[in-house]
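Hi everyone, thanks for coming.

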Amino acid sequence: MLSDYAPLAIYAVIVLAVVGLMLTLSFVLAPVKRYRSKLLPYESGIVPTDPARKRMSVRFYLTAMLFIIFDVEAVFFYPWAVILHQLRWYGVIEMFVFMLILLVALAHIWRKGGLEWE
Amino acid sequence: MIRLDTPDPFGIYSNPVGHWFVVVIAMLLLAFVLITATAYVVFFERIALGWMQRRPGPNRVGPGGFLQLAADGVKGLFKEGFAPVGVDRVLFVVAPGIAVASVLLGWAVIPVGIWGSITYWISDLNIGILLVLAVSSMNVYAIMLGGWASNNKYSLLGGMRAAAQLISYEMAMGLSLVPVFLIVGSLRLQDIVGFTVHWGPYSGPIPLLLLAPVSFLIYLVAAVAETNRAPFDLPEAEQELIGGFLTEYSGFRFFMFYLAEYLGVLTQSTLIALLFFGGWYLPLIPGAIALFIKVVLLVFIFIWLRGTLPRLRYDMLMRLGWKALLPLGIANVLVTSILVVLLS
Amino acid sequence: MGPATIVFWLASAVALAGGLGVVLFKEPIRNVLSLVLVMLSLAVLFLLLSAQFVFAVQVIVYAGAVMVLFLFVITLLGPVREQGTVRLPWQIFISAVVIAAFAGFLVAMLRGVSYRTPDAADPIFGSVQSIGVGLFTDYLFPFELTSILLLVAAVGC
């Protein structure tokens with residue numbers, strides 16, 4: 001029902017206002033004293049040498065990819081879990097087929113070493 | 001929807017404008033109470049850690065050090081929050097805001113006010129706890145943007161590590177809730193707390209911990225990892241990464257990340273109390289106090305873990321998430337689904 | 001104008017602004033964040049159609065997972081900025097023609113379409129339960145095919 005979401009919308013506006021107030025207060029109340037060495041990025045006390053934004057490992061990309069796959073899987077679980085009382089064995093078998101295929105995927109990634117972080 | 005079944009002598013609540021006025025005041029009050037309670041979670045942690053490490057902890061400001069956090073909060077507001085050169089200013093400022101908002105928003109579906117037989121909550125949604133999962137998944141952006149915007153090597157590496165950790169354990173968390181939904185047949189927290197069993201002579205509410213113990217274990221581990229708490233505090237590992245994504249943050253923006261972390265502890269403790277410990281049900285004790293006791297005990301578990309366990313190495317963390325919790329979570333779903341159909 | 005209409009216009013405006021941001025910003029990270037904004041406002045639009053579960057899934061999967069992948073891709077690239085100096089000859093002319101053609105196509109397609117007010121949605125429409133019933137009875141085959149799709153994605157990465 002759409003009307004259930006009206007309080008959520010108001011609450012969202014209030015939360016954003018509270019957060020906005022916090023961020024504004026941090027600008028208004030705090031003193032500002034700037035000088036060059038204070039504004040250098042921290043690098044254990046030495047002057048930073050090369051740019052900070054370096055290329056990251058491809059592992060992170062792989063993790064995000066796997067996360068999407070299993071997140072989609074989890075999302076399919078929710079409606080199934082809620083109505084399993086009605087579906088009974090039919091529902092269990094449906095999900096077993098679905099999971100079996102995904103477990104093949106997990107086994108494949110596992111064997112190829114996609115889960116290693118050494 | 002917030003329900004007020006109390007007497008309404010001035011006719012405020014029956015008038016439509018007055019109704020929304022009351023609702024807005026109640027929401028502001030909730031935000032205020034949450035932020036204050038978070039301060040006391042920090043205080044509780046410092047006292048408890050002091051006690052575990054045989055030192056007094058904060059004991060100077062106010063009676064028993066009780067006003068330490070108020071003092072720290074005021075001090076934080078007046079500290080300079082500067083941004084170093086090369087920082088992406090917009091993202092640098094927005095990131096702590098996302099962190100706080102993503103935790104606060106989840107409270108929309110958590111039943112908060114319990115008085116006698118009445119429970120109040122902001123929105124009674126069919127998607128229930130999915131809303132908490134959805135808004136807390138936005139926390140990844142806070143940490144990643146904080147790390148990226150800072151123009152610092154430690155920040156970026158910490159932010160990336162944190163993001164990969166958060167998504168890995170978010171998946172475990174999502175899977176661990178499925179057995180609960182299987183047993184209860186609803187995603188609403190009120191239905192989960194109010195789940196009743198009829199076992200011979202006993203008929204009444206039951207803590208789901210007894211019915212889904214594996215889910216509780218996975219959820220607890222995932223909750224600790226999601227809030228970036230020790231032993232999963234690699235994103236801000238001081239000894240290795242200076243402070244991770246927090247390295248360049250100072251002043252009140254640092255406080256906001258800190259607030260978000262402890263607000264997360266409070267949120268997860270409340271959720272665990274509602275999901276697995278029967279929420280406001282406890283024999284002989286009124287609902288509000290029962291829930292409060294359970295939340296305090298669970299917050300203590302978070303602190304206890306921090307005081308006891310050493311930090312994991314990054315490859316161990318990922319191995320635990322992907323090679324242990326993911327298969328365990330899937331097996332847990334399968335076994336529970338068979339049991340639910342067999343026993344119902 | 002009811003509150004739902006106001007929210008509709010707001011969410012649409014944010015979605016369009018986000019779309020513009022995806023095209024116009026020069027730093028890749030801002031492009032991705034604009035896309036996140038688009039995804040979130042799309043979630044609100046789904047909600048206005050009473051699709052509650054799709055709203056949650058849109059936030060969890062698109063804004064919370066797919067966009068994180070995009071962010072990781074950007075960090076994979078390192079500190080690159082879009083180089084915007086090289087232009088095709090006649091670029092403005094060609095793009096104007098393409099835009100005009102597309103606008104004409106839209107007008108031709110939408111002309112004569114009459115809109116009706118949507119029926120009042122069934123109270124359980126879009127709820128987790130009704131999605132479940134649809135997905136696991138009538139649309140079972142597409143659901144099982146999804147697992148093959150996910151398997152392909154897993155093998156590919």
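Predicted model: local features only at pLDDT ≥ 70, side-chain atom pairs only at ≥ 80, totals over all residues.

Is Leu334(B) buried, partly exposed or exposed? Leu334(B) has 17 other C-beta atoms within 10 Å, so this residue counts as partly exposed. A residue needs 20 or more such neighbours to be called buried, and 12 or fewer to be called exposed.

Now let's zoom out to where chain B meets chain A. Here 66 residues of chain B are in contact with 52 residues of chain A. Which elements of chain B give two or more residues to this side? They are helix H1 (16-52), helix H3 (89-106), helix H6 (153-184), helix H10 (251-276) and helix H12 (314-343). The helix that gives the most is H12(B), with 13 residues. If you sort the residues of chain B on this side by class, you get 44 nonpolar, 14 polar and eight charged.

Chain C touches chain A too. In that interface, 37 residues of chain C are in contact with 38 residues of chain A. On the chain C side, at least two residues each come from H1, helix H3 (52-77), helix H5 (128-138) and helix H6 (140-156). H3(C) supplies the largest share, 13 residues. By class, this side of chain C has 30 nonpolar residues, six polar ones and one charged.

While we are in chain C, let's look at a pair of helices. As a bit of background, two packed helices are described by the angle between their axes and the distance between the axes. For helix H1 (residues 3-24) and helix H2 (residues 28-48) of chain C, the axes come within 8 Å and cross at roughly 155°. Angles over 145 degrees count as roughly antiparallel, and H1(C) and H2(C) are therefore roughly antiparallel to each other. Their crossing is left-handed. Among the residues making the contact are Ala4(C), Phe8(C) and Gly18(C) from H1(C), and Arg30(C), Leu35(C) and Leu45(C) from H2(C). In total, the contact of these two helices has 14 nonpolar, six polar and one charged residues.

Chain C can also be seen in terms of domains. The domain assignment gives domain 1 (1-80) and domain 2 (124-157). The C-alpha centres of these two domains of chain C lie 23 Å apart. Their contact takes five residues from domain 1 and five residues from domain 2. On the domain 1 side, those residues divide into three nonpolar, two polar and no charged.

Last stop: helix H5 (residues 139-149) of chain B. How many of its residues are buried? The count is 11 of 11, so to speak a mostly covered helix. Tyr141(B), Leu145(B) and Trp148(B) are among the buried residues. What covers them? The cover of the buried residues of H5(B) includes H3, helix H4 (129-136) and H6 of chain B, together with H2 and H3 of chain C. After H5(B) comes Asn151(B), whose phi is positive, near 60°.

Note on methods: Residues numbered from 1 in each chain as written. Chains lettered and ligands numbered in written order. Contact = placed C-beta atoms within 7 Å. Helix = DSSP H or I, 4+ residues; strand = E, 2+ residues; numbered from the N terminus. Nonpolar A, V, L, I, M, F, W, Y, C, P; charged D, E, K, R; others polar. Axes fitted to C-alpha atoms, helices over the stretch in contact; angles between N-to-C directions. Parallel < 35°, antiparallel > 145°, perpendicular 65-115°, else oblique. Left-handed = near helix turned anticlockwise from the far one by under 90°. Domains from an automatic or database assignment.
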